[in-house]
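Dear colleague,

Please find the structure below, together with its sequence.

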Amino acid sequence: MPNNKNDFKPYIPADRVVPEFTVTSILIGVLLAIIFGAANAYLGLRVGMTISASIPAAVISMGIIRMVLRKDSILENNLVQTIGSAGESVAAGAIFTLPALFLWAKEGLIDSPSLMTIFLVALVGGLLGVAFMVPLRQALIVEEHGTLPFPEGTACAEVLLAGEQGGAKAGTVFAGLGISAIYKFVTDGVKLFPSEVVYNVPGYAGAAVGVQVLPALAGVGYICGPKISSYMLAGSTLSWLVLMPMIALFGGDAIVFPGDKMISALAPSDLWDTYIKYIGAGAVAAGGIISLIKNIPLIGRTFMQAMRSMSKNHAAAKPLRTEQDLPMPFLLGMVVVIAIAIWLLPAFPVSPVGALIVVIFGFFFATVSSRMVGLIGSSNNPVSGMAIATLIIATLLLKVTGTDGTTGMVGAIAIGGIICVVAAIAGDCSQDLKTGFIVGATPKWQQIGEMLGVVVSAAAIGGVLYLLDQAWGYGSDQIPAPQATMMKMLVEGIMNAELPWALILTGVFVAIVVEILKVPVLPFAVGMYLPFSLNAGIMCGGIVRFIMDHRKGSEAEKKESVDRGILYTSGLIAGEGLVGIVLAVLAVLGVDKVIDISEKFSLGRIGSLIFFILLLASLAKVCLGKKKRS
């Protein structure tokens, strides 16, 4: 496609009217928003990251609309992915912050957040994210076409355009989803074999290695690639094979805060839970702030560009369908109403200052996020870094203005939650609008579709968070909720000065050293925070991707191979996430014990490794595809 915006022509011409915002696209989009929102909530709480849902949603939409309903409309498919991907973004923003409220409830500090509170935080953040991104569309999507690549948005457009010639790619996603669903149910439901294999290193106290043999981890590793996967594993290696053995060696029989037992009595998992989490939290916080500092020039340019874009007169009616946005008076009115609601509604325990912080930081980070995803893609968008910066400033301001203690902590998390959703949705919306720009969609219908996806996802995410908490509890091995736990510790540390600052600062300076060595600090820091076995599972997927990237063949063949793998692993991630939700329901109902056969029969660790190798082999086979007969 032409890189010059003046030479560019959308696939569907502006003067042609094609079915777009239809009952079919709305229903399928809403369904996928709920599904991908739930699956990504589970994935993010487990591994600390989510996946872009745009491409899987587009592929599934093509499979349903083209193959089942026997219809053919690229703009309907585009609207489905627009609505569906909103679920993933709302989930990402919510899970990075709101589980902190559940953790405080377990400590008896507050009551558990109501479903209405969670709904309003997600809804307000999502609507603000869309409203703040709309004025940027002309500047970022149109004027900088060919300058900002928008990786996911462009890739999704290519998938939609390829789908016009056939919807066979949907079968790859559904195959991954089905295999992953069965695999997850067998290992974590029936428990035919354990989902984690861990070995304590003999003669090296405090050290342990292992691997979690789960489909979603392999999928995350494949999508992130070998470099990011290796950085995460390197972080875990530092924690589990260097720092923890040093704590065990020098700690001996001492009791060191925040622990309440002798270090010599702690198993490796206890050392990680008691000490390494704080070091990892410091590294993640520093990594997020470093990422923002490095992007200050980009932030400044984008902010000024947005202000210039908003100062232009958009009052004149635009004659072309592909240039129609939601009207600015409507968007400004919505922002004002939301700001007043944040101030007045009891669901948001914030003062007028807090409401002002939300609006100012919301617009600022929506601008930053929209520009960043245009350059580096949604997967690399440092949403948690933006939330960290917001949380630190918001907590300090709330404390200075007299809103301290428990009320201040809850208010800070509410503000951080809204900003997190704003940044995630703004980035997602910009990618979706880029896809629409390429295929010739109507922007205002996409913007309305994005808001619809936000409303539906916000309504569903509260139930998902409650379900997962009741099934396993946040901070557990099943759902460690890394970002939310870190946000909680940061807010507590600022409000109550109760953090083990020596451990936090250790993590901060490790992050600084890593940055000096020019290693991407965020994946390394997240790797320090998460268990070694989890990152090892991700690395296995990264190894498969490395092999596919470096196998013999033309560049076109390699690209096709990688694309097949991405579709398949998207299915693997979605399948595990959905079954994870089902297993959570069974755990809440008490049925999980009925289907558990581990006490009667188990294939053990050897079975775990064999099945995981077979899963990785299936991924490699899908990537290689069918050999063409000569």
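A crossing is called left-handed if the near helix is turned anticlockwise from the far one by less than a right angle, and right-handed if clockwise. Helices (H or I, at least four residues) and strands (E, at least two) are DSSP runs, numbered from the N terminus.

This is a predicted model, in which local features need pLDDT of at least 70 and side-chain atom pairs count only at pLDDT 80 or more, while totals for chains, interfaces and linings use all residues. Residues are numbered from 1 along each chain as its sequence is written, and side-chain values use heavy atoms, without hydrogens and water.

Helix 5 (residues 115-133) passes helix 16 (residues 405-439) in a right-handed crossing. Their axes, lines fitted to C-alpha atoms over the stretch in contact, come within 7 Å and cross at roughly 45°. Residues in contact (heavy atoms within 4.5 Å) include Val121, Gly125 and Leu128 of helix 5, which form part of the surface meeting helix 16. On the helix 16 side, Gly417, Val421 and Leu433 are among them.

Helix 20 (residues 521-529) is mostly covered, with 9 of its 9 residues buried; buried means under 20% relative accessible area, exposed over 50%, and partly exposed in between (1.4 Å probe, protein chains only).

Kind regards

Technical notes:
Axes are lines fitted to C-alpha atoms, for helices over the stretch in contact, and angles run from 0 to 180 degrees between N-to-C directions.
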